[in-house]
Amino acid sequence: MYQEELSFPHGFLWGSATAAHQVEGGNTNNNWHVWEHTSGKIAGAAIAGLACDWWNGRWQEDLAHAAQDGQNTHRLSVEWSRIEPQPGAWDEAALQHYRTMLQGIIRLGLKPFITLHHFTDPIWIYEKGGWENEETVEHFARYVEKTVAALGDLTDLWVTINEPTVYAFSGYMTAEFPPGKSDARAAFQVMRNMVKGHARAYRIIHQLQPHAMVGFAKHFRAMAPARPAFPLDRWVTNFSYNSFNNAFADALVTGKLKFALWKASIPDAIATQDYVGVNYYTRDLIKFKPLAFKDIFQERYYDPHAPLSENDFIADLPIGFYESLQWAQRYGLPIYVTENGVEDSRDVMRPHYLVAHLYQLWKALHDGMDIRGYMHWSQVDNFEWERAWTQRFGLWGLDVKTQQRVRRPSVDIYREICTRNAIPLDLIRRHAPELLDVL
Ligand code: FCB
């Protein structure tokens, strides 16, 4: 039936995604800078340092590559601590710097998709208790208003907050992110304030730009009970699925946040997304584990048949990507894939991961889902938070010392897909031949 290629709808957005702290370099006024220097939790005791040196202009090289290789969008974030280095004090030069960058991105033929909060907070926010403190909602709203007023003529695609649940889990439960707490109630508080912050941002953006498309980027973790016939495995999987995958997004429908043991009513959050943003990486099997109180009575592992990435961080399970899109579709809104990718410095797994995941994306479209774009994480290797430089997610490699970029073979695969707006069957034959049986 599909003789040559699996095609995508006209106008589909193809791109890659980055985040300010991970690529810009020189971000010394945020909580991650403090964390890198004090927590002892960063792999290799590394720091973001110069990162990919974007602030000094090297974004031009990376995004020129992206444009030459057929991409037509780029998701990037702006850094709150640069725009508002002190409470209420705006750095107009930083905003101008972002304007120049965005104008350059548009000239390259890439439509900017802007994230307003991607894991980092200004130090002054951090010192006031970050998102545990309800005042942060108002501070965030003021920053969003200023930033959208300054940049809004350059885009109408906005992500308010990247992965709020990961921010809350990693900072307040597993203690890998700042402030390094293990306090589920505090995590709930952070989620609650982030729902409020998102809702405020949504309304502010729409006041300034009625036609804008505003959403948040949801890290969807696919999950399944390890022993489906065993009720306790199903129960513990449901519990995690609801808290991790559903809580935040459902609050934007119902106005009620239900997270772990807690509930909050936030009526202002109702109907505050125009699209569902999905970040998908991998899929867990979950087994009930009595007495494992700290691990929420569970043990997680990957399907033993699935290939694992370089540091065993990601299992290549494209079916979970389809599940993430099915989950997103429940909200009845357009879907953007705001991140998807794999850590692989030698580019041995990425070709299969990319082609097999994009096949699932095509299948979801073919099954009638309204998906508008796909952004690969990432264009170039960048500073992977507490995993720092040990994980290499770039289509292009980065030599951190010399700042040299190294073209990986996957660039050519993605280029062919983006430029043709289709997956040529030949790529499937070469990189994911198991799919030929189902086509
Ligand atoms: C996501 C983050 C992104 C990047 C990828 C690998 O959770 O949003 O910044 O670190 O993981």
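## Terms and model

Helices (H or I, at least four residues) and strands (E, at least two) are DSSP runs, numbered from the N terminus. This is a predicted model, in which local features need pLDDT of at least 70 and side-chain atom pairs count only at pLDDT 80 or more, while totals for chains, interfaces and linings use all residues. Residues are numbered from 1 along each chain as its sequence is written, and side-chain values use heavy atoms, with hydrogens and water left out.

## Surroundings of the ligand

The ligand is surrounded by Gln22, His118, Phe119, Asn162, Glu163, His219, Tyr281, Glu339, Trp377, Glu384, Trp385 and Phe393 (each has a heavy atom within 4 Å of the ligand).

## Polar contacts and cover

A polar contact is a pair of N or O atoms within 3.5 Å. A polar side-chain atom of Glu384 lies 2.5 Å from an oxygen atom of the ligand. For the side chain of Gln22, the distance from an N or O atom to a ligand oxygen is 2.8 Å, and for that of Trp385 it is 3.1 Å. On its own the ligand has 290 Å² of accessible area, and the protein covers 95% of this (Shrake-Rupley method, 1.4 Å probe).

## An aromatic pair

The structure holds 35 aromatic pairs (ring centres within 6.5 Å; planes under 30 degrees apart are stacked, over 60 edge-to-face, the rest tilted; for Trp the six-membered ring is used). One of them joins Phe119 and Trp385 edge-to-face, at 5.0 Å centre to centre and 70° between the planes. Phe119 lies in the loop between strand S4 (111–117) and helix H6 (123–127), and Trp385 in the loop between strand S12 (371–376) and strand S13 (396–399), so the pair ties together parts 266 residues apart in sequence.

## Backbone exceptions

Most residues other than glycine have a negative phi, and most peptide bonds are trans. The bond from Pro178 to Pro179 is cis, with omega near 5°; Pro179 lies in the loop between helix H8 (164–172) and helix H9 (184–208). The bond from Trp377 to Ser378 is also cis, with omega near 10°, and Ser378 lies in the loop between S12 and S13. Glu163 has a positive phi, near 45°, and is found in the loop between strand S5 (157–162) and H8.

Technical notes. Polar contact = N/O pair within 3.5 Å; in protein donor to acceptor, adjacent residues only side chain to side chain.
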